[in-house]
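The following paragraphs are meant to be read with the sequence and the model side by side.

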Amino acid sequence: MTRYVLVRVVNGVFVLWAALTVSFLVLHLVPGDPVSVMLRGAGGEGSAVDRAAADELRAELGLDQPVYRQYLEFVANAARLEFGTSFRSGDEVTAVLGRALPATLELAAAALLLTLVIGVAAAVAGSLLPTAPLRSAVLSATVLGNALPSFWTGILLLQVFSFGLGWFPAFGAGTIDQLVLPAVALALPGIGLLAQVLGRSLRTALAEPYVRTARAKGASRLRAVTAHALRNAAIPAMTLFGLMIGGIVAGAVVTETVFAREGIGRLTALSIGAHDFPVIRALVFLAGALYVVVNLAVDLIYPKVDPRIVLRAA
Amino acid sequence: MADPSHTALDTAPTILDKPPPPAGPAATPAPPDRPAGVPRRLLRRPLLLAAVLYLLLVAGWALFPSLFTGRDPLLTDAARGLAEPGAEHWFGTDNLGRDLYARVVHGTRISLVAGLLAVALSLTVGALLGLLAGYLGGWLDQLLMRLVEVLVVIPGLLLSLAVVSILGFGTTNVAIAVGVAGIPGFARVVRAEVLRIRTSTYVRAAVTSGQRTPAILLRHVLPNAAPPVLVLAALDIGGAVLSVAALSFLGFGAAPPAPELGALVAQGRDYVSTAWWLTTFPGLVIALIVLATSRVARALERSGVPT
């Protein structure tokens, strides 16, 4: 077990290093010179970039160093979680991320909670409801949730519940009221996906002999699902849930734009628009770290859910 | 919007009565080797039929936009700004008086072409990587699969955004960015298929009889690996259109006057409290494209793609 975790952590560090290298290459693959892109973005006149200013900025950012030294320095700094200063605001990247993080954590936590509760409820309803039309209606609803463009559902929610009914405020962040609509918009695709995957494995599990045994011994249909089938059907859904956390953070790019929330997602959209590479690299690193940590956590939980699974270092 | 479906509805009863002529609109997507079975099966599944008809309509919009609307999607008319949907303007007009139906028809062309381009890129590059990694194995396999693993770590949308920041903005670049994000999935599926096929008797026979590796890959491995990969490609089209629209919504796609579907939703966002139609119609068209392609793709998956 300890050996397994150790191997996985080493593997995770390797993946993060590779992701860092890819994001380092991003800056050096940019056609043209990032410094002139930045100066133009800062309001310079067209392509006429002041040479002296460009050289000064280049030295300041360390872009006049040989590429291998820049790379070593970049990796060393990233290991200490230092990503330099944002081109756009001039602040420390870590500080920029720190400011944006709480709003997104709040939103992502709410969306994940909704995904889990409604997704599981829809999967259970899809296999428990008494008639076939009702079951297939639930199934169609989950397909719908997965297919609707999230930027559009966000706007629809605003139209109906903010401007139409006036139940929730349209913009802003901080209160529960302001969290409901963005969280629903962000959670919808995941709810559909989770309900479909869990529903499928639930139907497989319900056909197993142990479920028939439980029913024969007097367990209700609901109890057969919740106490017997659900745990056995949980593994694929857990894998998916782990993968979805990264998707929710990426989905926040759209949701935070629609609902004008200042979080990681909005920061991503603005940084891409401004070619703010230090911030983009830090965001890629953050997404990679999240993926590695969440997947390790999910793998470590597997044996708790299904004791037949034994973790072994490959 | 109603015009093109008329012909399809009119021919439908005749298809029910007798073995159908293969020329009907419902028969066009059918594989040529079973012209009689597929339309009849389509009729038994009205949702699938609706999905096929909708995709044909959308394909018509994309291929021949001027057949479906005589109006210029860029022509402004200040006197008719923000007109509600009606007989004159089916989907209403935007703040500059541009006809929204014309903009949606022409925008569908941009979105659909970009989505297909993205899938084509993911398919060809992913298939090539998977083919080489799976068949040749060894260090190349290790290297390519490590690379794919690194790409999987970064969520698709974020990866596309990073690629767009390198390439610059615009519809083609957005399509390429979405395509790049799709490469890992295809590479993995193709590699798995190739690993299965590589050990089969017919491939070993080809190796023994002295055929060259490229010939074996092209004539034996690729055709046999194709069906699940093509189903994945069909399933991927909806997702690609969705991603392209999302990137355009964020403002990284077609430049403002161009009517891309995601960009249309973004433009309508400013009038969300006064002009509901500006976001509703383009969004609905995208959502239906995604739903219809996934339904058709899943039907293909279940029936088994003809090889």
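Chain B averages a pLDDT of 80, and 86% of its residues score at least 70, where pLDDT is the predictor's confidence in each residue, from 0 to 100. Over residues 1-33 of chain B the pLDDT is below 50, although this stretch has 37 contacts in the model beyond near neighbours in sequence; two residues are in contact if their C-beta atoms, placed from the backbone, lie within 7 Å. Where pLDDT is low, the predicted coordinates should not be read in detail.

This is a predicted model, in which local features need pLDDT of at least 70 and side-chain atom pairs count only at pLDDT 80 or more, whereas totals for chains, interfaces and linings use all residues. Residues are numbered from 1 along each chain as its sequence is written, while chains are lettered from A and ligands numbered from 1 in the order in which they are written. For the complex, the predictor gives an ipTM of 0.81 and a pTM of 0.81.

Chain A averages a pLDDT of 82, with 90% of the residues scoring at least 70. Among the elements of chain A, the lowest mean pLDDT, 62, belongs to helix α2 (residues 34-41) of chain A, and the highest, 89, to helix α5 (residues 93-128) of chain A. Over residues 43-47 of chain A the pLDDT stays under 50, and the model has 2 contacts for them beyond four places in sequence.

Chain A has 12 helices and 0 strands, with helices (H or I, at least four residues) and strands (E, at least two) taken as DSSP runs and numbered from the N terminus. Buried residues make up 36% of the 314 residues in chain A; a residue is buried if 20 or more other C-beta atoms lie within 10 Å of its own, exposed if 12 or fewer, and partly exposed in between, with C-beta atoms placed from the backbone. Helix α9 (residues 209-216) of chain A is hardly covered, since the count of buried residues among its 8 residues is 0. After α9(A) comes A:G218, whose phi is positive, near 105°.

An unreviewed UniProt entry lists "transmembrane region" for several spans of chain A, including residues 179-198 and 240-259; UniProt positions are given in the numbering used here, feature names are shortened, and annotations may be inferred rather than shown by experiment. In the model, residues 179-198 of chain A are 100% helix and 0% strand, with the end C-alpha atoms 27 Å apart. For chain B, the spans that UniProt lists under this name, also in an unreviewed entry, include residues 174-190, over which the chain is 100% helix and 0% strand and the end C-alpha atoms are 25 Å apart.

Within chain B, B:S122 is found in helix α5 (residues 100-136) of chain B. B:S122 counts as buried because 24 other C-beta atoms lie within 10 Å. Leaving aside residues up to four places away in sequence, B:S122 touches B:G179, B:G182, B:I183, B:F186 and B:D236.

Where do the two chains meet? The contact takes 34 residues from chain B and 34 residues from chain A. On the side of chain B that touches chain A, the elements giving two or more residues are α6 (138-153), α7 (156-167), α10 (213-249) and α12 (277-303) of chain B, and α7(B) gives the most, with 8 residues.
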